[in-house]
Amino acid sequence: MLTLIRFIIFFILFYLFFKLIRDKFLKPKTDRWQINKNFSAGNIVGPSSEMVQDPVCKVYIPKKDALTSVFSGTTYFFCSRECLEKFDPADHS
Ligand SMILES: [Zn+2]
C-alpha cells in the first residue's frame with residue numbers, strides 16, 4: 001500500500017517536472033515563431049488580423065497572410081502567387 005502511494009507521488013512529481021521542463025523549453029520557441037510571423041508581415045504596424053482585398057479574385061485575406069507587391073507607390077495584397085502574377089497594375093491605376 002505504501003509502495004502504491006509512493007508510486008503515485010513519484011508519478012505526480014515526475015509529471016510536474018516534465019510539465020515545467022516542457023513549458024520552459026517550448027515557450028521561447030513560440031515567441032520565436034511569433035517574431036518570424038511578424039517579420040514575414042513586413043513593416044505592418046497594428047493588429048495583424050486586419051483584412052485586405054485581393055484585387056484579382058476579390059477575396060479578403062488577413063494582411064499577415066497576404067502576398068504584397070508595390071506598383072507605382074501603391075501596395076497591393078494578393079491571396080496567392082498566381083493572383084500576383086495575373087495582376088495588371090494598368091487596370092487599377
Ligand atoms: Zn487571389
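**A predicted fold and its core**

The protein has a mean pLDDT of 81, and 75% of its residues reach 70 or more; pLDDT is the predictor's confidence in each residue, from 0 to 100. This is a predicted model: local features need pLDDT of at least 70, side-chain atom pairs count only at pLDDT 80 or more, and totals for chains, interfaces and linings use all residues. Residues are numbered from 1 along each chain as its sequence is written.

Over residues 35-43 the pLDDT is below 50. That stretch has five contacts in the model beyond near neighbours in sequence. A contact means C-beta atoms, placed from the backbone, within 7 Å. Where pLDDT is low, the predicted coordinates should not be read in detail.

Next, the layout. There are two helices and four strands, in the order α-β-β-β-β-α from the N terminus. Both are DSSP runs numbered from the N terminus: helices are H or I, at least four residues, and strands are E, at least two.

Of the 93 residues, 6% are buried (20 or more other C-beta atoms within 10 Å of the residue's own, with C-beta atoms placed from the backbone). The largest nonpolar core holds six residues: Val52, Ala66, Tyr76, Phe77, Phe78 and Cys83. Such a core is a set of buried Ala, Val, Leu, Ile, Met, Phe, Trp, Tyr and Cys residues joined through C-beta atoms within 7 Å. Strand 4 (residues 74-78) gives the largest share, three residues.

Phe77 touches Val52, Asp54, Ile61, Lys63, Ala66 and Thr68, leaving aside residues up to four places away in sequence.

Note on methods:
A residue is buried if 20 or more other C-beta atoms lie within 10 Å of its own, exposed if 12 or fewer, and partly exposed in between; C-beta atoms are placed from the backbone. Two residues are in contact if their C-beta atoms, placed from the backbone, lie within 7 Å.
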